[in-house]
Amino acid sequence: MSNDTCGHDPSDRPFREAARWMMRLQRPDLPPRLLVRWSKWQESPENRAAFEALEPVWRALQPTRDNVESTPAELNDPAIFERKLERMQLVSEEAAYWYFLCIDDPHTLRSDRRDFLAWLRRSPENIAELLKIAQLGGKLRKLKQTLRSAEFADADESLPWRSTHKLQRALDEDSTGSIPSSFKLAGIAAAALVGVVLAFVTHPYWESKNIIATGASQWHNMTLADGTAVHIDAHSKVEIEYTDTARVVLVRAGSAVFDVAKDPKRPFIARTHLVDAMAVGTRFGVSIDDGVTTTVAEGVVKVTGRDNVNGNAVTLKAGEELRVSDDALTAPKPSQVDAQRKLQWASGLLDLGGMTVSAAAQELNRRNRTQIVVDSPTLAARVVEVASVKVDSPESYAKAVAAEPGVKMIFDEEHGRIRLSE
Amino acid sequence: MTDHSARIKALFDEQRARLKQYFRLRLSSCSDEAQELAQETYSRLIGPHKEVSDWNRRLWFIARNLANDTLAQLQIRRKANSLLQVDDEDPRTPESTWSEQQAAAAALRAIDDLPERQRRVLTRFREGCSFEQMARELGVHERTCRRDFERGIVEIQRMIGLERT
């Protein structure tokens, strides 16, 4: 390898430039024109490959909490340490003051409660210190009442959300409530009775191997013992029945996509109420909707009648789909589809480009709690080009449609709906 | 379908991978979080639009500000968690955590084989030290620290690459 006049190996050039870009990209004030320049720099395949190769090394070198906490710089600098200690003492004193003023004193003035709120907003340290004191004082219920009367609920958006969440959780754990012992005994007896009833009701499910059921806005990804990845859509139900001789997954409702690990000794079977779809090592999806649709993205899948592996079969290759409806009277035939696009939901994205607003809304609505309602028939029939949206984000799609001229979007919080109209 | 929405879609499709890369680097975040932020960038880009002369620059302007805001929120959250002695939520999967741990272990082994100044700079970087602080400690210019870091990281990548072959 020949080196340039600076002693650098020329083949290192893209890596050195990539390292420089990585440092530059950390600047919070980096001008957007430099970000555009970085993007153009990556258009060269050599540069892009160097950047991607360097990224894991960069991430490996990032400071972790353990590394930073053991940083000697702060610990060795007495001035920094002193200042920190002073500040902590001050925060403790302030927290104690507010606690006794607003929690212990039944006649707290409204103005004091407002000042208290302002003090809380200043820093998460203040919230943390107050929680510690409240827990020691055993007065979490009182704290809750005081904060509510200071209109805390309206103001909590301005607090660091995590601190608010911790505060709320601590408030909900009432450490001071005293429950009469007779109620406690009744509670225990009731819980035992419910437990016994549940045991009888759910006994069949205990004997089944791994049932996974999802509701609205719920998706589930899992890897099975053999390495097969299963992606379960919202509103779906799947049952795993693996044995030494067979790998069977029952799709009882909804949709699932399978990335099947190769195991020639044990074929993989996705079983539905109508068909069995058998594969050795492939990627395919099964969907139940007034029938069964099997879509193959990679490899080969053999579809037969349920529990009839050796019966008449339809073989599907990549890019093919077979739909068997519940009332099928004739033998179904495979059709060509964009299988990667159809199964894209398993990766968390939906490609709704080229679809009418109504069809796109349907795709999102059948998966999510938040529903999109299209008020205008002309808007419903319109095709809006959008980039792929996250499968759990109907809001993103609605915003994209609302960006079209003349379209209005209203979020109906009360009913969990997004209304689109012209 | 309007020209505007088609144009924005084309731009976003072209830049999506780089946006995700940018967010991963700025926020040390996992792929899912980076994807969410990329999606949010798109949502803000297609919002009520005025005539913009350079949509590419507008896209990166939004992305940079979103990264800054998210980083600020993350830092507050981490600080609150450390005060409450609670572990930060880790959105990564066990597989990605394991592979990152392997990469980190390989990088640490490689650091030991670097020349002294590069080794010190990279070690201090891992401890969260800024280049300015490093320069003061080492008695050199900040530019020298950055150059040593650049050479060190490239050398580590080369050593890890050789280790794999």
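This is a predicted model: local features need pLDDT of at least 70, side-chain atom pairs count only at pLDDT 80 or more; totals for chains, interfaces and linings use all residues.
Accessible areas come from the Shrake-Rupley method with a 1.4 Å probe, and for residues only the protein chains shown count as cover.

**Chain B on its own**

Chain B exposes about 8,900 Å², and carbon and sulfur atoms supply 47% of that area. Its secondary structure consists of seven helices and zero strands, so following the sequence gives the pattern α-α-α-α-α-α-α. Of the 165 residues in chain B, 47% count as buried. How much of the contact in chain B, at a separation of 6 or more, comes from residues 24 or more positions apart? Such residues account for 55% of those contacts.

**Where the two chains meet**

Now let us turn to the partner chain. At the interface, 69 residues of chain A are in contact with 65 residues of chain B. The size of an interface is often given as the accessible area lost when the parts come together. Chain A and chain B bury about 6,200 Å² between them, with 60% of it on carbon and sulfur atoms.

Four salt bridges are found across the interface of chain A and chain B. In a salt bridge between the chains, the side chain of E55(A) meets that of R24(B), with N and O 2.8 Å apart. Which element gives the most to the side of chain A that touches chain B? That is helix α3 of chain A, residues 45-60, with 10 residues. Sorted by class, this side of chain A has 36 nonpolar, 12 polar and 21 charged residues.

**Salt bridges within the chains**

Over all chains, the structure holds 32 salt bridges. The table lists some that lie within a chain.

| Residue pair | N to O distance |
|---|---|
| R266(A) and D263(A) | 3.1 Å |
| K390(A) and D392(A) | 3.8 Å |
| R57(B) and D54(B) | 3.9 Å |

In chain B, R57(B) is partly exposed at 41% relative accessibility, and D54(B) is partly exposed at 31%. Elsewhere, salt bridges with shared partners join D233(A), E363(A), R366(A) and R367(A) into one network.

**Two loop residues with positive phi**

Finally, here are two places in the backbone of chain A to look up. S217(A) has a phi near 55 degrees, a positive value in a residue other than glycine. You will find S217(A) in the loop between β1 (211-213) and β2 (220-223) of chain A, and this residue is partly exposed, with a relative accessible area of 26%.

Where is D290(A) placed? D290(A) sits in the loop between β9 (283-288) and β10 (291-298) of chain A. Its phi is also positive, near 55 degrees, in a residue other than glycine. At 59% relative accessibility, D290(A) counts as exposed, because the cut-off for exposed is over 50%.

Notes. Residues are numbered from 1 along each chain as its sequence is written. Chains are lettered from A and ligands numbered from 1 in the order in which they are written. Side-chain values use heavy atoms; hydrogens and water are left out. Contact means heavy atoms within 4.5 Å. Buried area is the accessible area (1.4 Å probe) that two parts lose on being put together, summed over both. Helices (H or I, at least four residues) and strands (E, at least two) are DSSP runs, numbered from the N terminus. Ala, Val, Leu, Ile, Met, Phe, Trp, Tyr, Cys and Pro count as nonpolar, Asp, Glu, Lys and Arg as charged, and the others, Gly among them, as polar. Buried means under 20% relative accessible area, exposed over 50%, partly exposed in between (1.4 Å probe, protein chains only).
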